[in-house]
Amino acid sequence: MQLIRFAHTHPARIYAVAVAALALVAHYIPELPTALILGLAAAVLGIGEAVQRTEDQKTATAGAGDQLGDNEHQEHGELPA
């Protein structure tokens, strides 16, 4: 359950590690078929779009809190809990 919560909280980090690992595998194993590498590249682009939408939604949700007046802590120099 903790792993699922981490994945939901940090999708961009997981995506970056996965893409880096795929790039290393593609570089160090030249025997891999080109079609496989191109297929993985297309999948990575699709997953990247999903990660970007998730991050955009998190940013919009955080920004909505400021619009509702939840930023009074900042006016008094306090950090929100």
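Predicted model: local features only at pLDDT ≥ 70, side-chain atom pairs only at ≥ 80, totals over all residues.
Trainee: Why is the contact between Glu 49 and Arg 53 called a salt bridge?

Mentor: A salt bridge requires a side-chain nitrogen of Lys or Arg within 4 Å of a carboxyl oxygen of Asp or Glu. The N to O distance between the side chains of Glu 49 and Arg 53 is 2.9 Å, so the pair meets the definition. Both residues lie in helix α3, 4 residues apart, about one turn of the helix.

Trainee: What makes Arg 53 exposed, and what is Glu 49 counted as?

Mentor: Exposed means over 50% relative accessible area. Arg 53 has 56% and is therefore exposed. Glu 49, at 35%, falls between 20% and 50%, so Glu 49 counts as partly exposed.

Trainee: Why do Glu 55 and Lys 58 form a salt bridge by definition?

Mentor: Their side chains meet at 3.3 Å, N to O, and the cut-off is 4 Å, so the term applies. Glu 55 and Lys 58 are separated by about one helical turn because they are 3 residues apart in helix α3. A search of the whole structure finds 2 salt bridges.

Trainee: Why are Glu 55 and Lys 58 called partly exposed?

Mentor: Their relative accessible areas are 25% for Glu 55 and 32% for Lys 58. Each value lies between the limits of 20% and 50%, so partly exposed is the term for both.

Trainee: How do you know which class of residue lines the largest pocket?

Mentor: The lining has 10 nonpolar, no polar and no charged residues. Among them are Val 19, Leu 22, Ile 37 and Val 44. Val, Leu and Ile count as nonpolar. Helix α2 gives the largest share of the lining, 5 residues.

How values were computed
Residues numbered from 1 in each chain as written. Heavy atoms only, no water. 1 Å grid on protein atoms, 1.4 Å probe; cavity = no way out; pocket = protein on both sides within 12 Å on 5 of 7 lines; lining within 4 Å. Helix = DSSP H or I, 4+ residues; strand = E, 2+ residues; numbered from the N terminus. Buried < 20%, exposed > 50% of the residue type's maximum accessible area, 1.4 Å probe, protein only.
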